[in-house]
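Dear colleague,

Please find the structure that I am handing over to you below. My notes on its salt bridges and on one pair of helices follow it.

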Amino acid sequence: MSKILFITAPYHCWGVQVVGTWPPLHMAYLAGAAIESGNEARIFDAMNKRLSFEDIRQEIERYRPDYVMSLDYLPVTGAISTATVPDALKILDIAKEINPEIVTLLGGPHPTFMYNEILEDDNNHVDFILTGEPEQTLKQLLAALPQGKGKEVKGVVYREEAKVVANDKQPHIVELDSLTPAWHLLDWDDYQYNVEPCGRMASILTSRGCDMGCAFCSQRMFWREDWRCRKPEKVIEEMAHLIDTYQISFFTLIDAYPTKHRDRWELFLDLLIERKLGVYLLIETRVEDIIRDADILHKYREAGIIHVYLGAESADKDVLNSLNKGTDFEMNKKALDLLRDAEIITEASFMIGFPHETWESIENTIASAKYLNPDIAVFPVVTPMPFTPIHAEMKDRIRVFDYSKYNLVTPIIEPYDMTMDEITQALGTCYMKFYCDKVQEIVALEDGFKRRYMMSAFKHMMRDHGDNFDFEAAGLTMPHAVNF
């Protein structure tokens with residue numbers, strides 16, 4: 001029996017894990033696949049435990065694994081986790097320093113697309129990159145390596161002397177319910193949702209893939225325009241198991257597109273309502289699906305969905321068209337209003353930092369966010385990941401090449417009419433101008449679930465924002481009347 005150690009990168013940046021910590025579901029799936037194939041597995045979640053590279057070194061020395069695997073992983077961010085790649089590579093370097101015989105493995109969206117760049121750099125100590133959906137590839141690789149046949153496995157990329165060799169792609173797993181995450185390898189005390197009413201939190205998947213064409217995201221390419229789903233009954237069984245075994249109170253659906261098929265989605269909601277699991281759900285979905293589901297949004301709330309994230313992105317028609325969102329400003333407004341009427345907390349994103357950004361367009365973005373009036377607004381800085389369609393469009397404006405900065409917070413491109421420092425200042429301005437009004441709105445609410453939830457969320461968000469932005473330099477202050 002071989003031993004494989006899965007390690008999350010000890011990466012942290014502003015905006016991630018502000019209101020909670022999410023379990024590394026992708027690694028739980030991989031560990032489950034490793035165990036199923038007859039190996040011993042361990043998950044070392046250095047990210048959520050806030051551990052260092054020295055802690056990682058000690059864990060590798062203590063466990064003495066045959067294999068060490070890392071991913072470009074950030075919680076709840078789907079296929080845009082490039083920022084963790086440098087730290088993931090450093091983990092594999094450490095493994096090789098400790099024992100050159102350890103086989104080092106790397107997976108995730110960035111390595112799937114950028115394997116040449118990674119493997120052509122002799123400073124990176126990666127034996128195999130697992131491209132695309134990794135579970136089947138890992139099982140086959142772990143079986144083949146002891147026989148000296150690892151380089152024959154579909155879905156892997158490796159070095160052959162000075163050449164990078166990419167094998168044929170692995171077919172997708174047809175039956176997603178055949179996968180069993182190794183839930184027992186997670187330290188559940190580490191995964192908490194810190195917003196009132198607070199509690200342990202799990203991440204689950206009800207589907208994989210996305211066939212939408214958003215220009216800033218790699219989901220469509222990573223999943224090869226494929227979308228597959230689990231049976232709602234199986235998902236409910238998994239949730240019940242997690243509730244009974246690990247006392248889970250919150251579930252985040254980290255699907256790229258959980259609501260794609262209305263009939264299946266409504267069945268999932270009906271089963272949740274029927275089972276009365278007594279938990280809260282947070283989801284991300286498409287604006288058009290919320291409008292489609294106007295007549296069943298009461299089921300969302302009855303099923304326990306309390307928080308829905310939507311990508312509004314911009315009020316500018318030309319910007320939305322360039323992002324290939326397939327939505328418009330009026331649709332965004334309608335979806336948010338519908339969710340508000342259904343008494344569901346809304347969160348919406350509004351991108352800033354485009355090549356043609358100006359202070360005037362920044363003010364327009366703030367005005368648009370205020371008009372759409374989500375309960376929570378986030379303002380990601382446009383980040384042309386090197387494998388997304390917008391990268392080619394913005395390539396001549398890219399000024400930052402350190403992938404650890406590709407975190408949707410650090411400016412990567414330089415607009416024609418603003419400096420990158422001004423984009424950072426604009427980011428703080430967006431948050432403060434939106435939340436100065438929003439906090440007063442929430443304070444004025446009658447005491448109840450929404451007020452307590454939002455005040456708790458704002459407490460965490462404002463503290464985090466205040467630690468990362470010089471608001472006084474931007475001429476902005478929080479209202480003194482607000483007492484968190």
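A salt bridge is a side-chain nitrogen of Lys or Arg within 4 Å of a carboxyl oxygen of Asp or Glu. Please note that this is a predicted model, in which local features need pLDDT of at least 70 and side-chain atom pairs count only at pLDDT 80 or more, while totals for chains, interfaces and linings use all residues. Residues are numbered from 1 along each chain as its sequence is written, and side-chain values use heavy atoms, leaving out hydrogens and water.

By the rule above, the count is 34 salt bridges. A network of them links Arg262, Glu266, Asp270, Asp289, Arg292, Asp293, Asp295 and Lys299. Within it, Asp295 and Arg262 meet at 2.9 Å, N to O. Asp295 is in the loop between helix H10 (287-292) and helix H11 (297-302), and Arg262 is in helix H9, 33 residues apart; helices are DSSP runs (H or I, at least four residues), numbered from the N terminus. Asp295 is partly exposed at 48% relative accessibility, where partly exposed lies between buried (under 20% relative accessible area) and exposed (over 50%), with a 1.4 Å probe and protein chains only. Arg262 is also partly exposed, at 23%.

Helix H9 (residues 262-275) also packs with helix H8 (residues 232-246), at an angle of about 35° and with axes 9 Å apart. Axes are lines fitted to C-alpha atoms, for helices over the stretch in contact, and angles run from 0 to 180 degrees between N-to-C directions. Contact means heavy atoms within 4.5 Å.

Yours sincerely

Notes
Helices (H or I, at least four residues) and strands (E, at least two) are DSSP runs, numbered from the N terminus.
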